[in-house]
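Reader: I am new to this structure. Can you show me how to read its features, one at a time?

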Amino acid sequence: MTSKHHWWYVYGHFEPGEDNLPHFGQVFAHYRSLLGWTKEQAAIVLKCTERYIEMLESKQNTNMPKSNPRRAALAKILKIPPVLLGVAIVAQEDDSTPSHASNSSDTTIAFDSNTITFYEDMLASSWELYYTSSVQRATKNIDLWLNFLNHEVKKARGVKHDQLLSLLCRFYQLSSLAARDRLDLDRALSDEKQAVDIAFELGNSELIASSLLRRTRIYLGKGDYTLALQDAEAALPFADHSRDPLKGKVYQILGETYGRVANSSQELQKKSLGLFDKVGRIVRKGNLEADGSFAKLDITSLYVERAEALRQFSKFGDAHDALAIARDNLSPELTRWQVNILLEEAETHFVEKDYDDSVTIALETLKLVNTLQLHGKKERIRRLYWKMQQWNANYPLVRLLGQDLGLL
């Protein structure tokens, strides 16, 4: 999630504090906010002043409470993993200076930073393989890692166990994407449920947000908009505790989901486009350093999904303008997004009754889809073909598309 992987990164993105522990003020503020408590409410629960809460959460306050019972009490009340407050000593495998917990006899083992960086690099390589190679090749690699990590996590304890769970959660998310591309939606949902369960077990906001984000995508693909909206809205408070790439991606899919259910509702259309505008501001801010969620937030994906919403709102000119922006900002290696642009162009031309351009683009897209073995995208072309058949089954290009799809 960052270039240096502190042992606590599996619980959240916190800066270093004292004694190889995370920044106490950030930890306290994060978990207080996750509970939905204001500073005033926290002060009432902890029987202290609001000013004292502000002092605890200040950027300058890296110091943990000195009393170990006090740390343990705070962990229980705020539902903070006790290890983050030094209630147990964290010994890294190659580290002779473990994190320090006064008066604590418990010790938990964590991977050293070099080992966890190696694992994170392998995870990143697996995601890159998914984006740049065939689904079959990516799936084989993913399954190897899932088998390995499931075996290792059963043997591990303490922080090491949680570090492996964090990796496993994101490999399950990746596996669900590959399964979705293979049209194996049962496997996709099963994998994503595993990811969601692990994320909530760890209590990591970014893992929860990314898992719910990707399950939303599966439900959208199935046309189950009720469950999609439920997951997208559930992800929102966790996204607000996440870094910009993931936060923006959750806003984006919520905007897309509102677009799917809006129909003629001006209120939902406004909500949808407002969320896309919010994502645009995040992208323009430019704070898009990789955050470990592998959520790719960029101009291209934003404007493709904005174009889809505009098409559904019958704002076809605006949809074409959005697609032009998406194409202008497309990186050459993002072949899947090239497919998404082409598919959205074909769909938009079709609803405008520009059938000749629609089927021509669909034929071009099918070549790319076959090369990349994107079965889910091929199914979308197939659905478009059936609509074209209803228009004119004997039109030469429609017949050619049917033949290329193996339907004639």
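**Reading the model, feature by feature**

Author: Start with Arg-70, which sits in helix 4 (residues 68-78). Keep in mind that this is a predicted model.

Reader: Is Arg-70 buried, partly exposed or exposed?

Author: Arg-70 is partly exposed, because its relative accessible area is 32% and that class runs between 20% and 50%. Leaving aside neighbours within four places in sequence, Arg-70 is in contact with Tyr-52 and Pro-65. Arg-70 and Gln-26 are 44 residues apart in sequence and 17 Å apart in space, C-alpha to C-alpha.

Reader: How do I read the burial pattern of a helix?

Author: An α-helix has 3.6 residues a turn, so residues three or four places apart point the same way. Now take helix 3 (residues 50-57), whose buried residues are Ile-53, Leu-56 and Glu-57. Seen down the helix axis, these fall within an arc of 90°, so they line one face of helix 3.

Reader: What do the buried residues of helix 3 pack against?

Author: They pack against helix 1 (24-34) and helix 2 (39-46).

Reader: Where is Glu-18, and what does it touch?

Author: Glu-18 lies in the segment before helix 1. Its relative accessible area is 18%, so Glu-18 is buried. Beyond four places in sequence, Glu-18 is in contact with Thr-62, Asn-63, Met-64 and Lys-66.

Reader: And Ser-205: buried or exposed?

Author: Ser-205 counts as buried, because its relative accessibility is 3%. Ser-205 is found in helix 9 (residues 205-222). Setting aside residues up to four places away in sequence, Ser-205 touches His-30, Leu-34, Phe-238, His-241 and Ser-242.

Reader: How should I read a nonpolar core?

Author: In soluble globular proteins, nonpolar side chains tend to be buried together. Here the largest nonpolar core has 125 residues. Trp-7, Tyr-11, Leu-84, Leu-85 and Leu-401 touch the most other members. Helix 7 (residues 158-181) gives the largest share of this core, twelve residues.

Reader: Which residues does Leu-401 touch?

Author: Not counting residues up to four places away in sequence, Leu-401 touches Val-359, Ala-362, Leu-363, Leu-366, Ile-381, Tyr-385 and Met-388.

Reader: How is a pocket found?

Author: Rolling a probe the size of a water molecule over the atoms shows where empty space is left. In this model, the largest pocket has a volume of about 1,200 Å³. Its lining holds 39 residues, of which Arg-180, Arg-217, Arg-260, Lys-377 and Arg-380 lie nearest its centre. Elements that give two or more residues to this lining include helix 5 (113-132), helix 11 (244-262) and helix 15 (335-351).

Reader: Which helix gives the most to the lining of the largest pocket?

Author: Helix 17, with seven residues.

Reader: What should I look for in the backbone angle phi?

Author: Most residues other than glycine have a negative phi, and most peptide bonds are trans. Lys-79 has a positive phi of about 55°, although it is not a glycine. Lys-79 lies in the loop between helix 4 and strand 1 (89-92). With a relative accessible area of 61%, Lys-79 is exposed. Phe-294 is not a glycine and has a positive phi of about 60°. Phe-294 lies in the loop between helix 12 (266-285) and helix 13.

Conventions: Residues are numbered from 1 along each chain as its sequence is written. This is a predicted model: local features need pLDDT of at least 70, side-chain atom pairs count only at pLDDT 80 or more; totals for chains, interfaces and linings use all residues. Side-chain values use heavy atoms; hydrogens and water are left out. Buried means under 20% relative accessible area, exposed over 50%, partly exposed in between (1.4 Å probe, protein chains only). Helices (H or I, at least four residues) and strands (E, at least two) are DSSP runs, numbered from the N terminus. The arc is that of the directions from the helix axis to the C-beta atoms. Contact means heavy atoms within 4.5 Å. A nonpolar core is a set of buried Ala, Val, Leu, Ile, Met, Phe, Trp, Tyr and Cys residues joined through side-chain atoms within 4.5 Å. On a 1 Å grid over the protein atoms alone, a cavity is a set of points where a 1.4 Å probe fits but cannot get out, and a pocket is an open set with protein on both sides within 12 Å along at least five of seven lines; lining residues have an atom within 4 Å of a point. Grid points are joined across faces, edges and corners, and a volume is the space filled by probe spheres set on the points.
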